[in-house]
Amino acid sequence: MAQTFGVNLRGVIDLLSHHLYSSPRVYVRELLQNAVDAVTARGLLEPGAPRRITLECPEHTGDGTLRVTDTGIGLAEDEVHALLSTLGGTSKRDELGFARRDFLGQFGVGLLSCFLVADEVRLVSRSAKGGPAVRWTGRNDGTYTVQVDDSARAEVGTTLTLLPRRDCDHWAEYATVAPLAAEFGSLLPYEVRVVGATDTAVVTSGGFPWTRVDGETSAEHRDRMAGYCKAVFGFEPFDALPLEVGAAGLTGVAFVLPEGAHPGARQAHRVYLKRMLVGTSVEGLLPDWAYFVRCVVDTSALRPTASREALYEDETLLAVRDALGGRVRDWLVRLAATEPERAGALLAAHHMGIKSLALVDDELLGLAERWLPYETTRGAMPLRQFRRSHPTVLYTPDVDEFRQLAPVAAAQDIGLVNAGYAYDTDLLRRIADRDGPDTARRVDPRELLAALGRPDAATEAALADTVRVATAVLHDHDCEPTLREFDPVSLPALLIADADGERRQDAEDARADADPLWQDLLGHLVDAGSGAAQRLVLNTRNPLVARLAEVADTALLESAVRALYVNALLQSHRPLRPKDTAALTGSFLDLLDRAIGH
Ligand SMILES: Nc1ncnc2c1ncn2[C@@H]1O[C@H](COP(=O)(O)OP(=O)(O)OP(=O)(O)O)[C@@H](O)[C@H]1O
C-alpha cells in the first residue's frame, strides 16, 4: 500500500522561515504583500471598497505587538483552514496552478516568514463574502487554533498581530519597520501607513519615479532622474534611458555609469515585481557586456524565486535581457550619430564592454572603429583615423612585441598598431573579414627586418669578425646575428622572433626533457626545421656596435655580444631561460671586471 511522507512540521517551518530568506527583514515585505493582494482581491469584487494598509508598531499598540491591518477581502472560516493552516495553500493560483496576474503571492509560504521574528501570529478576519468573523492563532511549533468569534471584528478585512520573540523586539520597532516598509513598498498602489508612538509615515508615493509627470519639461525630468539615480545608486548618471518592454509588462529606467566601471563588476539592478521590491542587486537583467548600466524596473511578467529575492532564469527573462540589451545598444548608436563628442567620451570610458559587443555586432564594430583609441606608432588614435594613412593596418597581437618593434617601425615610417589588449586582435580580424584581408594583418617581424637597410660593404667587412664571434656565441641561445643599419641610432640591437624557428626551439627544449621514445620523434621535428628561432639584428648605425669592429680581444667581444643579446631579450619582455640568465650574469660580471681593471 502506498504511504504518504510524514512531515515534521517544526522542521519544515524552521527550514522555510529561517533558510529560504536571507534576512528576517523580509517578513515586512511578506506582510505587505498579503495585505496588498487582499485589497486587490476585494477591489475585484467591490470596486468602491476602501484600500488601506496600516502597520502599527509596538510604540503605538503599547502591548509589545506589531499589528497589520488591511481593508482587504478577508478570510472565512473554511478559507482559514485551507489557506492559512496549510503549507503551500494559496488563493493566488488559478485552477491550473499558474500564478494569477493580479497578485504578488503565489507559493503559499510567505506567512511563515513571520516566524523569523515572532513565536506566535494572531489573525482576526472578516470575509467580504459574508460569514462570521474568525480568529486564527498560529505558533512556530506548527500548531494552530481557529475560533469563530463574530464580535472579534466588525469591518471586512484582516488584522494580523505579531508577538515578537524576546530577542527580536527591534524587528518590530517603528525605526525598523518604517524604513523597511518604505524600501519594499514605496511603489505599491495602495496607501501604506506605518504608525509609531508619535509619528506616522505614509511610505507609498503613488506613481513610478521614472514616469514623466504632467507639465514636467524634458530638462526637469532629466534632472529629477539624475537626482533619483544619485539617491538609489549613489552616482550621477551619464544618461538616463526610459525602458519599456510591453510583452513583459516592464517599465523603468536605465542609468549609464559616468566612467570606468570594471567589466567584472557585478550588475546590480533594482527590480520591482508588480510594484513590490524584489531586490536591490538583482543580476541578469542585462547582457554581460552592458556592465556599465544600472536599471530600476518594475515588471509583471518575470518570475521571482520562492525567496522572492532573485529572478527565475526562464525564457521571459532571456527575452527581457535581449530587449533591454537592444535598447542600450540602439541608444549608443543614436548617441554616436547625434552627439559624437559625448559618445566618444562614453565609449572611451567603457571600451571593454563596447569592444566585447563589437565582436558580434557590426554596428558597434563601426562605433568601436570610429571612437576607441588604439596605441599606434603615430600616437593614440581610433582605427578609422589610422586607416586613412595606412590602407593596410599592421598590428602586433602582443603588447611586449609592440613595445619592442614600435620604435624601429616608427623610425622606418612603418605604421604599427598595438592590438595586444583584450579583444583588439579579434576586432581587427573582424574588420579584415568585413573589408577584405588586406585591411588588417598581423605584422611578421621578419617583414620589418626586410625594411631595414643593409650596411655598405665596408661596414660589413669591418664587422665580419664580430659577426663570426656572435654567430658562435648566439648559437647556444638559438639565435643568429644579422647586420642592418636603422633608426633609432640609440638602439644597438633588436631581437626578432621567427615563428618557425621558435616552434623548432620548443621541440628541441622538449626533446631535452623527454623520455627516449619521444626524443626520437621530437628529433625529427627539430631536424626538419631550419634557421634559428631568433635573430639579433645589430644596428651598424649605433656607435657602440660600430666600435665592436675595433675590438681584437675575442673574450671581450663574446661578453659584449652576450650583453647585447640579453639586453635586447629583456627589452622584448620575453621570459629568460636559465642559459639566458647565465649569459646575463656572466657578461655583466666580466664587463664589470674589465671596467674596474686589475
Ligand atoms: N491579509 C490577508 N488577507 C486575506 N487573506 C490572506 C491574508 N494573508 C494571507 N492570506 C491568505 O493566506 C494564503 C497564504 O498566504 P502566504 O503569504 O503564506 O502565501 P501567498 O501569499 O499565497 O504566497 P507567497 O508564498 O508567494 O507569499 C494567501 O494565499 C491568502 O489567501
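Domain bounds here come from an automatic or database domain assignment. The model is predicted: local features need pLDDT of at least 70, side-chain atom pairs count only at pLDDT 80 or more, and totals for chains, interfaces and linings use all residues. Residues are numbered from 1 along each chain as its sequence is written, and side-chain values use heavy atoms, with hydrogens and water left out.

Start by colouring the domains: domain 1 (24-202), domain 2 (220-340), domain 3 (380-443) and domain 4 (454-498 + 533-596). The centres of domain 2 and domain 3, taken over C-alpha atoms, are 36 Å apart.

Next, select Y27, L32, I53, L66, L160, L162 and V194. In the largest nonpolar core, which has 61 residues, these touch the most other members. Such a core is a set of buried Ala, Val, Leu, Ile, Met, Phe, Trp, Tyr and Cys residues joined through side-chain atoms within 4.5 Å; buried means under 20% relative accessible area, exposed over 50%, partly exposed in between (1.4 Å probe, protein chains only). Helix α2 (residues 26-45) gives the most to this core, eight residues; helices are DSSP runs of H or I, at least four residues, numbered from the N terminus. Domain 1 (24-202) and domain 2 (220-340) both contribute residues, so the core lies between them.

Zoom in on L32. Leaving out residues up to four places away in sequence, L32 touches I53, L55, A181, F184, G185, L188, V192 and M276 (contact: heavy atoms within 4.5 Å).

Now select F292, L324, L335 and A432. They are among the 57 residues of another core, apart from the largest one.

Finish at L592, in helix α22 (residues 578-596). L592 is partly exposed, with a relative accessible area of 37%.

Conventions:
Helices (H or I, at least four residues) and strands (E, at least two) are DSSP runs, numbered from the N terminus.
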